[in-house]
Amino acid sequence: MPLVEGSWLPTLGAQANGLPYGVPIHPNLVHLTLGLFIVAIAFDIVAALYPLEKPIFKFLAIPVTSSGLYDVGWFNMVAAAVITFFTVAAGFYEIMLAEPPNDVISPWGLGAMDTMVWHGVGGVVLLGLIVAMTVWRGFQRYVWREDRARQVQWSYLLTGLGIFVLMFVHGTLGAHLGSDFGIHVSADRLIRSGINPNTHLNILIKH
């Protein structure tokens with residue numbers, strides 16, 4: 001249904017943003033994926049450096065053990081792997097419903113379609129990397145380093161930090177889709193349709 005004045009007001013969330021629901025799912029799941037993965041690597045780094053930090057924890061009277069820190073790292077990594085499947089699935093679904101503008105270029109010199117393609121490819125790559133990191137982490141926890149004080153390898157932590165960089169690049173592409181191209185952004189789509197979003201959003205709220 002086109003954005004014709006009055007015809008879409010009862011279902012603004014399903015029409016103005018181009019989705020069958022009011023709030024895009026993918027951006028919210030993205031932040032959950034990022035948070036879980038970052039926490040997983042951060043806690044493993046803290047646990048790996050625990051011998052150096054133990055006096056600080058003791059001075060601050062914080063009851064922390066390295067095994068507890070490693071537990072947080074492991075379970076957050078597992079959760080990140082699971083959630084990322086839904087993050088990528090939601091992303092591809094919402095990309096298929098996108099109506100990218102053809103007259104806008106991102107700060108990186110890419111058009112909307114190229115940005116969506118690279119963002120989609122990056123999402124699949126990151127999903128593969130996170131799953132691989134989870135498997136790697138599991139082998140370290142239960143097989144390779146089960147009896148060692150330091151449960152994770154330095155190469156694992158460095159790889160995790162490298163993935164942070166990829167997440168930054170990937171996340172920036174996603175930000176361009178919303179901020180520069182207005183993909184599934186209600187106000188942007190309304191403006192492009194010649195409708196004042198302030199006026200009609202206020203009408204909807206009053207109803």
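Two residues are in contact when heavy atoms of theirs lie within 4.5 Å. Keep that in mind, and let's walk through the chain. What you have here is a predicted model, in which local features need pLDDT of at least 70, side-chain atom pairs count only at pLDDT 80 or more, and totals for chains, interfaces and linings use all residues. Residues are numbered from 1 along each chain as its sequence is written, and side-chain values use heavy atoms, with hydrogens and water left out.

Let's start with arginine 137, which is found in helix α5. Helices here are DSSP runs of H or I with at least four residues, strands are runs of E with at least two, and both are numbered from the N terminus. Is arginine 137 buried or exposed? With 0% relative accessibility, it counts as buried. The cut-offs go like this: buried is under 20% relative accessible area, exposed is over 50%, and partly exposed is in between (1.4 Å probe, protein chains only). Skip the neighbours within four places in sequence, and arginine 137 is in contact with Asp44, Tyr70, Gly73, Trp74, Gln151, Val152 and Tyr156.

Now zoom out for a moment. The chain has eight helices and zero strands, so to read it along the sequence is to follow the pattern α-α-α-α-α-α-α-α. Of its 207 residues, buried ones make up 40%. Look at the contacts with a separation of 6 or more, and 72% of them are between residues 24 or more positions apart.

How do two of those helices meet? Two packed helices are described by the angle between their axes and the distance between the axes. Take helix α2 (residues 26–48) and helix α5 (residues 112–144): their axes come within 13 Å and cross at roughly 35°. Axes here are lines fitted to C-alpha atoms, for helices over the stretch in contact, and angles run from 0 to 180 degrees between N-to-C directions. The crossing of α2 past α5 is left-handed, a label used if the near helix is turned anticlockwise from the far one by less than a right angle (right-handed if clockwise). On the α2 side you'll find His26, Thr33, Phe37, Ile41 and Asp44, and they meet His119, Ile130, Met133 and Arg137 in α5. Sorted by class, this contact has four nonpolar, three polar and two charged residues. In that sorting, Ala, Val, Leu, Ile, Met, Phe, Trp, Tyr, Cys and Pro count as nonpolar, Asp, Glu, Lys and Arg as charged, and the others, Gly among them, as polar.

Phenylalanine 37 deserves a stop of its own. It is found in helix α2 and, at 0% relative accessibility, counts as buried. Beyond its neighbours within four places in sequence, phenylalanine 37 is in contact with Met77, Ala80, Ile130, Met133, Gly160, Ile163, Phe164 and Met167.

Glycine 73, one of the contacts of arginine 137, is found in helix α4. It is buried, with a relative accessible area of 0%. Glycine 73 and phenylalanine 43 are 30 residues apart in sequence, but 5.3 Å apart in space, C-alpha to C-alpha. Leaving aside neighbours within four places, glycine 73 is in contact with Ala40, Phe43, Asp44 and Arg137.

Next come the rings. How many aromatic pairs does a search of the whole structure find? It finds four. Rings of Phe, Tyr and Trp (its six-membered ring) pair if their centres lie within 6.5 Å; planes under 30 degrees apart count as stacked, over 60 as edge-to-face and the rest as tilted. Tryptophan 74 and tyrosine 142 have ring centres 5.7 Å apart and planes at 80°, so this pair is edge-to-face. Because tryptophan 74 lies in helix α4 (residues 66–96) and tyrosine 142 in helix α5, the pair ties together parts that are 68 residues apart in sequence. Tryptophan 74 is buried at 11% relative accessible area, whereas tyrosine 142 is partly exposed at 46%.

Another pair joins tryptophan 136 and tyrosine 156: their ring centres are 5.4 Å apart and their planes at 90°, so it is edge-to-face. This pair links distant parts of the chain, with tryptophan 136 in helix α5 and tyrosine 156 in helix α6 (residues 154–179), 20 residues apart. Tryptophan 136 counts as partly exposed at 23% relative accessibility, while tyrosine 156 counts as buried at 0%.
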